[in-house]
Amino acid sequence: MKILLTGATGFTGSYVLRRLLAEGLSPRCLVRQKTVEGVETVVGDIGDAASLARAFEGIDTLINTASLGFGHAPVLVEAAERAGVRRAIFLSTTSLFTSLNSTSKSIRRAAEETIQRSSLDWTILRPTMIYGSARDRNMIRLIRFVQRWPLLPVFGDGSHLQQPVYVDDVAAAVVLALRSDAAVRRAYNISGAAPLTFNQVLETVARLLGRRVRKVHVPAKPVVKSLQWVERRGLRFPVKAEQILRLNENKAFDWAEAARDFGYAPLPFEEGMRREIESLKQER
């Protein structure tokens, strides 16, 4: 198996690379600029046919952890087919199922349709919100806020369900699905062990940090309207209207099919957060 890995220097991609190497699989990595130590690299871009042609030389398997939200899927899929690639794993996202109509949502949906129409033996994995280190852009913000402030504004009642997934569980799912015949031409939701309300997420983080935090619930609708007004005028604010809207819809996803077909078994949220907090301590 000769693998091309895209997104290897990204947050999730770096964990996938680590998993592959641990399995004795040394992929070629398509990177934009810097090389990746210890593996073969090709400098290029997934939106550029010429660099993809170079990257796919001698490759029979593709693992794409780069975002599908930038419209590159047709070029990537065509290049893979032209190179004779058969097996392919693509990371997508459960944000496809949000009630919000963002631009990237339609692009990602079109990307999945392109993949599913292809001749590749594809598998699509759709993680929920990924966390696990200072690079996650999600839980790290909550951790830092809880560390600094005794009061935390919660926009809405905090009762809507979240199901964050630990980054190494996503990486494990990639490798497991790669080896599973049952996963060919199938799409799976890859979520955390169990859904939690945002209140429970916050309480878990505070408990692990040994902090006492008081939640201050703020009505979401007037805040969203105010932020939308600000954003229409090109002004920036630390919190976006879309982020508040996302917190006020349920985002719980069943991972039973992934467990059945390739043994996916995610960590409980509390254990994943404990590992993230420990990793942050070691970085100091």
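A contact is taken here to mean heavy atoms within 4.5 Å. On that basis, residues 24 or more positions apart account for 77% of the contacts in the protein chain with a separation of 6 or more. The model is a predicted one, and the protein chain in it has 11 helices and 13 strands.

**Overall dimensions**
- The protein chain has a radius of gyration of 20 Å, which agrees with the value near 19 Å that a compact globule of 284 residues would have.
- Along its principal axes, the C-alpha trace of the protein chain spans about 55 × 40 × 35 Å.

- Buried residues make up 49% of the 284 residues in the protein chain.
- The largest nonpolar core has 33 residues, and those with the most contacts inside it are L5, L20, C29, I63, L125, I190 and F262.
- Elements that each supply at least two residues of this core include the strands β1 (3–6), β2 (28–31) and β11 (186–190), together with the helices α1 (11–22) and α10 (256–262), while the largest share, 8 residues, comes from α6.
- Leaving aside neighbours within four places in sequence, L5 is in contact with residues including V16, L17, L20, C29, L30 and I63.
- Apart from this core lies another, of 24 residues, among them L4, A55, L68 and A73.

**Surface and charge**
- The protein chain exposes about 14,300 Å², of which carbon and sulfur atoms supply 51%.
- There are 41 positive and 29 negative side chains in the protein chain, and the centres of the two sets lie 8 Å apart.

How values were computed: Residues numbered from 1 in each chain as written. Predicted model: local features only at pLDDT ≥ 70, side-chain atom pairs only at ≥ 80, totals over all residues. Heavy atoms only, no water. Core = buried A, V, L, I, M, F, W, Y, C linked by side-chain atoms within 4.5 Å. Buried < 20%, exposed > 50% of the residue type's maximum accessible area, 1.4 Å probe, protein only. Helix = DSSP H or I, 4+ residues; strand = E, 2+ residues; numbered from the N terminus. Rg over C-alpha atoms; globule rule 2.2 N^0.38 Å. Areas by Shrake-Rupley, 256 points an atom, 1.4 Å probe, with all protein chains shown as cover. Lys, Arg positive; Asp, Glu negative; His and termini not counted. Charge placed at Lys NZ, Arg CZ, Asp CG, Glu CD.
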